Amino acid sequence: MDRVRVAVQAVDPITLAGLTSCLKSRPELFVVPTHAEADVIVFAADRINAQVLADLRQSAQEVSVPRVLVTNELNPADVLSAVESRVVAVLPRTAATGARLINSVLAAANGGGVMPPDLLGELLKQIDYLQREVLTPRGLSSSGLTTREVDVLRLMADGMDTAEIAQKLCYSERTVKNVIYGVTSRLNLRNRPHAVAYAMRAGAI
């Protein structure tokens, strides 16, 4: 089995050395020097403030791999911001044993996540609020797509062209083209296949 490549980032050299030593001790992991080489990034900070969140956001824009966050303090209100920055696991520093750290890294590498129950509950509340107060009033789903857009993209995925989609949905061809243009422009998608791929990855179709 391929080893998981892990990069470590910490605000102080002692924490950096401790985390690196722990991760290097495991044969299934391989510590790499840069984020660009990593499958998972371990990020450690004593407390998560606005500057740390900004650093996480910038880092996630540069390298979109899952992150394990080790911290003493994370405001529940900031959980969603952390998750938006590709944080999939949060370990309280006081509970960050070697075994828990390794398990969190492996879970992140396999598409999973690890989060304390209180933070998970807060995250679900924030997502529920976004759905009720932001997305639903605008006719959007959690994927960022409207019902009409999902209908069009589903038929595109089935191989239908513009005329066939229009006939199937009882729309004009202009309406279908406007729907496709709207979703590709809003979500910064390159073309129709990219839009279909986005909808599939988001679980909308």
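Leaving aside its neighbours within four places in sequence, which residues is arginine 47 in contact with? They are Val52, Thr71 and Glu73, where contact means heavy atoms within 4.5 Å.

This is a predicted model, in which local features need pLDDT of at least 70, side-chain atom pairs count only at pLDDT 80 or more, and totals for chains, interfaces and linings use all residues. Residues are numbered from 1 along each chain as its sequence is written, and side-chain values use heavy atoms, with hydrogens and water left out.

Arginine 47 lies in strand S3 (residues 40–47). Strands (E, at least two residues) and helices (H or I, at least four) are DSSP runs, numbered from the N terminus. Arginine 47 counts as partly exposed because its relative accessibility is 47%; buried means under 20% relative accessible area, exposed over 50%, and partly exposed in between (1.4 Å probe, protein chains only).

Two distances are listed below.

| Pair | Distance |
|---|---|
| Side chains of arginine 47 and glutamate 73, polar contact | 3.4 Å |
| C-alpha atoms of arginine 47 and valine 179 | 44 Å |

A polar contact is a pair of N or O atoms within 3.5 Å; within protein, one must be able to donate a hydrogen and the other to accept it, and residues adjacent in sequence count only if both atoms are side-chain atoms.

Strand S4 (residues 67–73) runs parallel to strand S5 (residues 87–92), and five bridges join them. Strands pair if DSSP finds at least two bridges between them. Leucine 69 stands opposite valine 90 in S5.
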